[in-house]
Amino acid sequence: MGPGGAGCSDRLLLTVGWLLLAGLQSTFGINVTAVQDPSLANEGEGEGEEEAENDSEAENEPPAEARTDVSNRTTVKEVEFGMCTVTCGVGIREVILTNGCPGSESKCILRVEECRGPVDCGWGKPISESLESVRLACVHTSPVNRFKYIWRLLRPDQQAIILANDSAILEVHRDTHPKAFECETLDNNEIVASIKFTIYTTTELQMKRSSRPDIDAVLVLVLTMGVIMCIFVVFVLIFIIINWAAVKDFWGAKASTPEIQSELSSVRYKDLSSLDQSPTSEIPGHEDDALSEWNE
């Protein structure tokens with residue numbers, strides 16, 4: 001074999017050796033991967049998942065400063081309820097916030113809600129009336145069409161008559177006899193308010209109106225007299241305050257007058273007592289002279 005053929009065979013052997021070495025490395029790697037413990041593989045997967053979850057939580061979790069700001073902004077809200085606008089039936093009231101109001105306000109209105117009182121509202125007054133007709137209104141709040149209204153004509157010792165009107169306002173014409181009406185306000189078939197009205201006749205209404213001026217005149221007279229008396233007292237007090245020195249001198253002089261009179265009366269009493277005592281002292285001398293003369 002010549003020198004050229006020996007060189008080719010060496011190169012061929014070298015190439016085949018490199019190929020075998022590469023194949024053995026690849027085969028060895030596959031086998032190592034295949035013979036790994038399944039539990040170790042699962043642990044590796046679990047650790048990978050935990051690391052992924054921790055990374056996601058770290059990304060989603062806000063910074064410490066942000067958490068502090070949120071806790072500072074969170075305040076306890078306290079509320080109180082205002083007075084109901086009605087003493088019976090259905091009305092509205094305010095819900096007032098006493099803590100957490102914007103700015104420096106101590107209280108602020110949070111919302112307005114419905115409130116309810118006793119159902120029976122007793123006897124009411126018409127919203128308007130004349131000598132011919134009267135307008136009556138049921139107890140309601142806005143919106144009016146939210147409720148259902150039932151009007152009844154009340155009759156003594158008889159069953160009430162249900163009227164066809166189902167609105168909140170009822171207009172009634174006066175009759176020769178007085179009448180009584182009742183209105184019930186229903187919310188979801190539940191009675192929330194009931195009110196009654198008395199409709200007088202034209203004659204009765206005129207009599208009531210004619211008797212009112214006398215009462216009004218008496219009230220006006222009493223109020224006028226009271227106002228005049230109050231004004232007089234105020235002026236007297238103002239005069240006393242302005243002229244306090246003169247008033248003080250006047251009352252001082254008036255108070256000293258009884259003292260002078262008492263002194264004069266005491267002096268007069270002493271003079272009279274001295275006069276009464278002087279004759280009694282002279283009488284014994286005269287008696288002695290008379291006795292001496294009689295004895296002689």
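**Exercise 1. The turn between S7 and S8**

Task: In this predicted model, find how many residues lie between S7 and S8 in their hairpin, and which residue in the turn has a positive phi.

Solution: 
- Step 1. Strands S7 and S8 form a hairpin with 6 residues between them.
- Step 2. Asp157 belongs to the loop that links S7 and S8. Its phi is positive, about 60°, although Asp157 is not a glycine.
- Step 3. Decide whether Asp157 is buried or exposed. The cut-off for exposed is over 50% relative accessible area. Asp157 has 83%, so it is exposed.
- Step 4. Now look at the strands on either side of the loop. S7 and S8 pair in the antiparallel sense over 2 bridges, and Leu153 stands opposite Ile161 in S8.

**Exercise 2. The turn between S10 and S11**

Task: Find how many residues separate the strands in the hairpin of S10 and S11, and which residue there takes a positive phi.

Solution: 
- Step 1. The hairpin of S10 and S11 has 2 residues between the strands.
- Step 2. Asn188 sits in the loop between S10 and S11. Asn188 takes a positive phi near 55°.
- Step 3. With a relative accessible area of 73%, Asn188 is exposed.
- Step 4. The two strands, S10 (residues 179-187) and S11 (residues 190-199), pair in the antiparallel sense over 9 bridges.
- Step 5. Check two residues of the pairing. Leu186 has Ile191 in S11 as its bridge partner, and Phe181 has Phe197 in S11.

**Exercise 3. The order of the sheet**

Task: Give the order of the strands in the open sheet of 5 strands, and say which strands stand at the edges.

Solution: 
- Step 1. The order is S4-S11-S10-S7-S8, and the pairing is mixed.
- Step 2. Strands S4 (120-123) and S8 (161-162) stand at the edges with a single partner strand each, so one side of each has no neighbour in the sheet.
- Step 3. Turn to S7 and S10, which follow one another in the order. They run antiparallel and are joined by 7 bridges. Lys148 stands opposite Leu186 in S10.
- Step 4. Compare burial with the cut-off, under 20% relative accessible area. In S7, 5 of the 7 residues are buried, so this strand is largely enclosed by the rest of the structure. S10 is mostly covered, with 8 of its 9 residues buried.

**Exercise 4. The surroundings of Arg152**

Task: Locate Arg152 in its strand, and find which side chain makes a polar contact with the side chain of Arg152.

Solution: 
- Step 1. Arg152 is part of strand S7 (residues 148-154).
- Step 2. The side chain of Arg152 makes a polar contact with the side chain of Glu184, at 3.0 Å.
- Step 3. List the residues that Arg152 touches, leaving out those up to four places away in sequence: Ala160, Ile161, Ile162, Ala180, Phe181, Glu182 and Glu184.
- Step 4. Strand S8 covers 161-162, and strand S10 covers residues 179-187.

**Exercise 5. A cis peptide bond**

Task: Find which two residues a cis peptide bond joins, and where Pro143 is found.

Solution: 
- Step 1. The cis bond joins Ser142 and Pro143, with omega about -5°.
- Step 2. Pro143 is in the loop between strand S6 (133-137) and S7.
- Step 3. As a general rule, most peptide bonds are trans.

Key. Residues are numbered from 1 along each chain as its sequence is written. This is a predicted model: local features need pLDDT of at least 70, side-chain atom pairs count only at pLDDT 80 or more; totals for chains, interfaces and linings use all residues. Side-chain values use heavy atoms; hydrogens and water are left out. Helices (H or I, at least four residues) and strands (E, at least two) are DSSP runs, numbered from the N terminus. A polar contact is a pair of N or O atoms within 3.5 Å; within protein, one must be able to donate a hydrogen and the other to accept it, and residues adjacent in sequence count only if both atoms are side-chain atoms. Contact means heavy atoms within 4.5 Å. Two strands pair if DSSP finds at least two bridges between them. Buried means under 20% relative accessible area, exposed over 50%, partly exposed in between (1.4 Å probe, protein chains only).
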